[in-house]
Amino acid sequence: MTNKQGTLSINSENIFPIIKKWLYSDHDIFYRELISNGCDAITKLKKLDVMGEYTLPDDYEPKVEVRVNPTEKTLKVIDNGLGMTADEVEEYINQIAFSGATDFLEKYKDKSSEDQIIGHFGLGFYSAFMVADEVQIETLSWQDGATPVHWSCDGGTEFEMSDGSKTTVGTEITLFLNEDCLEFANEYRAKEVLTKYCSFMPTEIYLVNETAEPQYETIPVDEKTEKDVVIETIIEEPKTEERENETGEKEVVEVSPRKEKLKILKRPVPINDIHPLWTKHPNECSDEDYKKFYRTVFQDYKEPLFWIHLNMDYPFNLKGILYFPKINTEYDSIEGTIKLYNNQVFIADNIKEVIPEFLMLLKGVIDCPDLPLNVSRSALQNDGFVKKISEYITKKVADKLIGMCKTEKESYEKYWDDISPFIKFGCLKDEKFCDKMNDYILFKDINDKFLTLPELLKAEEEKASDEKTEETGDDETVEAEVVDETDDLPEDDEEEKDTRKTVYYVTDVKQQGQYIRMFKEYDMNAVILNHNIDSSFITQLEQRNQNYKFMRIDADVTDALKEDVSEEDLKDALDSLTETFRKALGKEELNIKVEQLKDTSVASVITLSEEGRRMQDMMKMYNLSGMDESMFGGDATLILNVKNPLVTFILENKDDVHVPIFCKQLYDLAMLSNHPLEPEAMTAFVARSNDIMLVLANKSK
């Protein structure tokens, strides 16, 4: 071939894909592009061998070699794939946008289905110019009689092409790095990038530092292979010891025979695993395999709770493993990692267009060769195929969780505290996921028992039915009375009557201990919802299900805890106690309610309407500090139990000198059952407690 000079063919039809190459935000991605091209070239050569168009040498070992030289400021990517002829260099390199992978697939698409060609990246060759001032190619095609080709370009549109000197089939690309990108010739930086992008590429990849001192290892003679370079033979003389024999005489015994070993150049080790776990069938993988893979990929030495192995060939090709780590922290600070691959080539972490947002809380890998990865994010958002993949992943996760709830309830309960934020976040973000999971969300009650919402509602319904049966002794009579009462109500009252079932909940087991004790005493139940996400979650559940509502255990005093006394009977007590407490506390707007509670030991409690409570939670979530106390003060109600001796004393002795102190103490005690006091109020409470104890001490003298 005569020397040739020319101008790269660039026109409006083929420049656009190359512009996309330049839009890479990370320059290190050139490593991925060049190495994936090398893997493609090897895959193509193996296909030609399968189809009888080429015969691979008996000792053929497919590999891509990366050679860095920080002294010469170069790096090389060398493959032993099918190489290129001068015409192919003209077509695939000089006409920039032509995709060699696409052309090859079209030519052989019906002849072999083994081995995937990465393909989607085109050649990606010109990404090299993001880091190099000059790029050279030395290549020799697999075709009989092919002439080696040398090609070089300094980053402009001018190139030089001539006969080359390469003697083995394959391609060697040399990058002369620019001054800003010399880091990529550093062995440790190169290994970091290769680990990031190429850890699971389908061809073995080796990294060589051309300036490093040779490294050696010692092996037994019988482990030597033809490829080992022997530096020297090492003889270990036999070892002997003096021991007593059976007759008590001393003799020299050989304890270690003579050994002959070889000192060889250290055998190269690939930096990648060409058969990652997700490419295998789940039946081939043990629990330890999954855990080891998790530790290796995510550098997380806490064991995952469980995992889902995705393995689908139709209607699209998708494989992967999703791990459920412990995520019992606040949901807005959880950082998961879902790594997306295309034919074992790393693409990116957490691509929201492909992976449902709530799955970002998990860790895992997803490999999907069918994704249109060369298009923009906005195009991915509107791609129906991408949406189907996202829906499939969501469905598989839901199916796994539902299956566990049905068949492995004990394990499901054991994991629940860790995975509940993830499931609830998923329900908030994905309506279809919520539809599937609605009846498999667990609620831990105040008796440490796990119940689904249907189980919880059914239990309350059966309890209410049993209580009515005990009262009347006749189920049918009760039903008739309920219907009659509803029918006799004025139309307006019927509309205002809230017929939804109430599910009580606790947000702080210790803080709301007084209310929990009362509930348990009267055989009532409540569920524990103590996560940041729960307020939004139960609001969504109520919006989707009109048959029930959630109410915090201290939102009101339920009828089951009160004796049946009319408001008229308590009116005088209410008026007197309201006047006394407002005056003692200096709170003229304080809401006060008087009840006759069954538990005489309870003197006072604070209630806050469910609406006010959720408003507070929203304020805290959005860091609107300073507002919750005013909201609380305006919506809180002080409940006083007239059956309690101390409240009775205040009612009957409102002019006693100690009454103001008692009023303040009862108010603060009630407040403490809801949330910690402000520093100033807490200081006053402690001082007042000391004063009360001092009075009692003086009286006991």
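**Close-up views of a predicted model**

View 1. Ile231 has its place in strand β10, which spans residues 230–236; helices (H or I, at least four residues) and strands (E, at least two) are DSSP runs, numbered from the N terminus. The model is predicted, so that local features need pLDDT of at least 70 and side-chain atom pairs count only at pLDDT 80 or more, while totals for chains, interfaces and linings use all residues. Residues are numbered from 1 along each chain as its sequence is written, and side-chain values use heavy atoms, with hydrogens and water left out. Ile231 counts as partly exposed because its relative accessibility is 40%, where buried means under 20% relative accessible area, exposed over 50%, and partly exposed in between (1.4 Å probe, protein chains only). Together with Tyr216, Val229 and Leu265, Ile231 makes a nonpolar surface patch of about 320 Å². Such patches are made of residues with over 30% relative accessible area and no salt bridge, like charges being joined within 9 Å and nonpolar side chains (Val, Leu, Ile, Met, Phe, Trp, Tyr) within 5 Å; accessible areas come from the Shrake-Rupley method with a 1.4 Å probe, and for residues only the protein chains shown count as cover.

**View 2. The packing of helices α2 and α5.** Helix α2 (residues 29–50) and helix α5 (residues 187–198) pack at an angle of about 65 degrees, and their axes are 9 Å apart; the axes are lines fitted to C-alpha atoms, for helices over the stretch in contact, with angles running from 0 to 180 degrees between N-to-C directions. From α2, the residues Ile29, Tyr31, Arg32 and Ile35 make the contact, and from α5 the residues Ala190, Val193, Leu194, Tyr197 and Cys198, contact meaning heavy atoms within 4.5 Å.

**View 3. The surroundings of Ala670.** Ala670 belongs to helix α20 (residues 659–672), and this residue counts as buried because its relative accessibility is 0%. Although Val605 is 65 residues away from Ala670 in sequence, the two are 4.6 Å apart in space, C-alpha to C-alpha. Apart from neighbours within four places in sequence, Ala670 is in contact with Ser604, Val605, Ile606 and Leu638.

**View 4. Glu172 in strand β7.** Glu172 is found in β7, a strand of residues 170–177, and is buried, with a relative accessible area of 19%. When residues up to four places away in sequence are not counted, Glu172 touches several others, among them Lys76, Ile78, Gln136 and Lys166.

**View 5. The salt bridge of Lys227 and Glu61.** The side chains of Lys227 and Glu61 meet in a salt bridge of 2.5 Å, N to O, which is defined as a side-chain nitrogen of Lys or Arg within 4 Å of a carboxyl oxygen of Asp or Glu. Lys227 lies in the loop between β9 (216–220) and β10, and Glu61 in the loop between α2 and β2 (63–69), so the pair ties together parts that are 166 residues apart in sequence. Lys227 counts as exposed at 52% relative accessibility, whereas Glu61 counts as partly exposed at 44%.

**View 6. The salt bridge of Lys432 and Glu391.** In the salt bridge between Lys432 and Glu391, the closest N and O atoms are 3.6 Å apart. Because Lys432 lies in helix α10 (residues 431–437) and Glu391 in helix α8 (residues 384–407), the pair ties together parts that are 41 residues apart in sequence. Lys432 counts as exposed at 54% relative accessibility, and Glu391 is partly exposed, with a relative accessible area of 42%.
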